[in-house]
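Open the model in your viewer and keep the selection panel handy. We will go chain by chain, with one thing to pick at each stop.

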Amino acid sequence: MKRVLLMIVGIIAILSSIVPAQLKLNGAGATFPYVIYSKWFDLYHQKTGIEFNYQSIGSGGGIKQVIEGTVDFGATDAFMNEQQMGEVKSKHKTSILHIPTVMGAVVITYNLPGVGKGLKLTPEVLSDIYMGIIKKWNDSKITSINKDKKLPNKDIFVAHRSDGSGTTNIFTGYLTKVSGNWKSKVGQGTSVNWPTGVGAKGNEGVAGIVKQTEGAIGYVELAYAEKNGLPYASIKNKTGNFVLPSFESVTSAASGFVKNIPSDMRVELLNADGKNSYPISAFTWLLVYKNMPDKNKAKALVDFLKWSMKDGQNYAKGLYYAPLPKEVIKLNEKKIAEISLK
Amino acid sequence: MQIINLIKRKIFKQQAGIISVEAPAASFSIKNLLGGKNVGDLVFQNFLRFFASILLLIVVLMVIQMVNQSMPSIKQFGWNFIKNNTWDPVKEEYSAWPFIFGTLYSSLLALLIALPLSLGVSIFLSEFAPRWLEKIVSLLVELLAAVPSIVYGLFGIFVLAPWLRTTIEPALGNKFGFLPLFTGPPYGLGMFAAVIILVVMILPIITSISRDVMKAIPVTQREAAYALGATKWEVVKIILGGAKSGIVGATLLGLGRAVGETMAVTMVIGNTPQISYSLFEPGHTMASVIANEFSEATSTLHVSSLIEISLLLFIITVILNAAARLIVWGVTKKYKGRK
Amino acid sequence: MNNLMHYKWRKTKNIIMASLCFISAIVAIVPLFIILFYTISQGISSINWAFFTQMPKPAGETGGGMANALAGTGILILIASCFGLPVGIFSGLYLSENEGSIYAKSIKFLVEVLNGVPSIVIGVFAYVVFVIPMKHFSAIAGGFALGILMMPLITGTTLEMISLIPHSYREAALGLGIPRWKTTLFVIFPAALKGILTGILLSIARVAGETAPLLFTALGNRFWSTQLDQPIASLTVFIYDYSKAPFDDWNRQAWAAALVLIVLIMIINIIFRFVTREKYA
């Protein structure tokens, strides 16, 4: 009995200490791009054998673990602020690079049988719903802009994120821009003091609640709504048009900002100009250390990033993300070259 | 004379089998050096002591770490941390009362429901059930304790919450909506679901300990009561009186379990830091906020506040468990001798 | 007349209370069957050979398996045992040897304290001790957290099993001139071994079902990994991740994994009850 146990322990010890032939990188962060990242990493693994282990713990988690240095790369839809970037510099003696990978839309999804896609919402109504001021679906403020839809006399179940989320950051960023009330009472952040509603973990969690709860409303990345057959609202944009989220409307939103994109790529795409722009669009970034101690990993990361800028972009549309505009890809290539390989 | 002694020694050696008996002559001098003690004994004792001390070390280290890491938050908020209501990561204002409330409310409510149920079951097991039935039911109750909390959580999200949302909560809301307990829209997810799951989770603990304590009371007590013409239930009342402190201990242990429960609660409670007496409303507990936010808290103050919450949780569970064990030990020891 | 009515009332009360107790017993047992029923009915459809041998597939795609999670849980348990078994068994032995000393009494108290500490608090501790210095989420951090959870359980079982050995064993051995330490190690310990082993099995069952401490120690891994210093998948975190997802197929896989976990734990528990009951009934 003892001998068998010893043998098993010995075998496991040997297995564990064998230097692996393939490279393994660990990353963590946003749930927003999880659908496409998991596809990318799976494809890339089949192509090269290199394992990119990505855990979607939320943008807040991605930023934190990048600061702590417990991962090789992070992912977030809320770009890091000066203080966070400073912490990386002081802890790891290198700066952090933001590399946008795709664009996506934060959509407002709901569960109203019989209503279908394209419920119209204005920024004011949206803000009031999330502040708990509008409590029922057949409130006059909602019915007056949706004369063609029959809205039930049901309570609105508000769902939001309970974890530190870039998606939350995008959504609250939008509300802060369009509603003075929201700006003063709640504000923008990856984690906020929600006036009302139920919290769930991850994009998956919010989508799950909306899917299972009649009368629920939630904010998720487009892919999560589409993949689950959940309807989403059309939002009134800056020019006054009600726009549905789509690859075209997100790209249109980006086009205005792209001309003045800062060199560190940290820019929001909220409340864009343009009659076909979807107002809650956003980049999502990978967070990469400029100077990684393990050069093999750095090379693997650089190769992957280059692949994602070329082949990777082809998968975006199919998974309901918008591929990056050409100008951004060019800027990315310059940024990727900054990653030191020596 | 000496030959007989030698033969005796040989026979003892044979009887001891593979266990070798030290020849006293060889270790005479060492024995004297050590003042009559055996080398092996000393080595062994210290070896064992070393490992037992690791336990001590771990607990001490944990406490030190927790206090250390909570310092920023303690310095910033002081006692207000426990009293105030805001948990605002944007404004960097943190206070634990919503979570303390959530933990206490859910656990105490669960206890209120679980205690009579547990007592009923343990009375059934120790007094009413025939031996074979008692064994089966005890086994089933203990299997209930073995179900991992993630499976309870899974069940909570996919079965319990929808059922509450579509059937129970609307019904309760319609009939008893005037009570503060049943106000608000029926989410399904929220305090009600958390309390139900906690009841199921602490029931086995209270039941098995109460049953053991009741069984430990000597048969003579029961026989005496029957002799005086008592009905079975009246005998039970007497037994309960004797088992009182053990049951209190069991209750405290159950409460400790409820307070520390993380996964099952966080999956169904709705993760909203708010104070509400309504069962329909979502809430938050100390354990679930740590699970939700720990891996993402970036600012030092946020992390420190979370760790201060874990320190508070630790203190609460230590007090509950220590009190419980002291009481339960006392009772079963009291009766072990008399049997 | 009064006495007779009073007696009848006492009898009725007896029947009422007995029925209430019986009903509570049924109410207590029903949840177990409900949970088993749902786990089996929801999970069985996803149980097939592929589920046990394949790796997870990307989000939104159907199929794939949890081979890495199964292996991960196994490895975490092994690491936990490396921490928990020596400390648990030897502490138990120490406590059984030194019942009187104040040091032993305080250690016994600490064992109870540790037993009640919520697993999430221990997870935070493991994060601070292993993950931050190592700059890695790792299997060893997760295993360490689980090991700490095992320690009080194993100490308690060891202590209990040894206390059940009759004093005559020890007296006989000492009477033969066997030194005390050999008595403990080669006479008492082997006699209690069967009970101790099943106690170890029980603590493994408990620890295999833990999720919270693994969330920020072992993290998770979409790939197969057996390395100690890398994140590792586990059955429980697998269930957690897949249960949150809005993808139907993932939800079914979560149930299937829960089924596997529950079956494993139930079997271990039943073995434990059978062995200990049989010996000391």
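Two strands count as paired here if DSSP finds at least two bridges between them. Keep that cut-off in mind for the first stop, and remember throughout that this is a predicted model.

**Stop 1: a strand in chain A**

Select residues 96-110 of chain A, which form strand β4. How many of the residues of this strand are buried? The count is 15 of 15, so β4(A) is largely enclosed by the rest of the structure.

To see one pairing up close, pick Thr109(A), whose bridge partner in β8(A) is Gly218(A).

Next, show residues 280-289 of chain A, strand β12. This strand is also antiparallel to β4(A), with nine bridges joining them. Zoom in on Met103(A) and you will find Phe283(A) of β12(A) standing opposite. While you have side chains displayed, bear in mind that in a regular strand they alternate between the two faces of the sheet.

**Stop 2: where chain A meets chain B**

Select the residues of chain A in contact with chain B: there are 26 of them, facing 21 residues of chain B. Two elements of chain A that each supply at least two residues to this side are α3 (59-68) and β7 (198-200). The largest share, five residues, comes from α3(A). Colour the chain A side by class and you get eight nonpolar, 14 polar and four charged residues.

**Stop 3: chain B**

Chain B has 13 helices and two strands, and buried residues make up 49% of its 339 residues. Among its contacts with a separation of 6 or more, 76% are between residues 24 or more positions apart.

Colour chain B by its domain assignment, with 24-69 as domain 1 and 84-336 as domain 2. The C-alpha centres of these two domains of chain B are 40 Å apart.

Then click on Asn68(B), which sits in helix α3 of chain B, residues 39-77. Is Asn68(B) buried or exposed? It counts as exposed, because there are 12 C-beta neighbours inside 10 Å, and the cut-off for exposed is 12 or fewer. Draw a distance from Asn68(B) to Leu119(B): the residues are 51 apart in sequence, and their C-alpha atoms are 42 Å apart in space.

**Stop 4: chain C**

Switch to chain C, which has 10 helices and zero strands. The radius of gyration of chain C is 24 Å, well over the 19 Å that the globule rule gives for 281 residues, so chain C is more spread out than a compact globule. Along the principal axes, the C-alpha trace of chain C spans about 70 × 70 × 35 Å. Of the residues of chain C, 53% count as buried.

**Stop 5: where chain C meets chain B**

Finally, bring chain B back beside chain C. Here 73 residues of chain C are in contact with 67 residues of chain B. Several helices of chain C each supply at least two residues to this side, including α1 (2-43), α6 (139-163) and α10 (248-280). By class, the chain C side holds 52 nonpolar, 13 polar and eight charged residues.

Technical notes. Residues numbered from 1 in each chain as written. Chains lettered and ligands numbered in written order. Predicted model: local features only at pLDDT ≥ 70, side-chain atom pairs only at ≥ 80, totals over all residues. Helix = DSSP H or I, 4+ residues; strand = E, 2+ residues; numbered from the N terminus. Rg over C-alpha atoms; globule rule 2.2 N^0.38 Å. Buried ≥ 20, exposed ≤ 12 C-beta atoms within 10 Å, placed from the backbone. Contact = placed C-beta atoms within 7 Å. Nonpolar A, V, L, I, M, F, W, Y, C, P; charged D, E, K, R; others polar. Domains from an automatic or database assignment.
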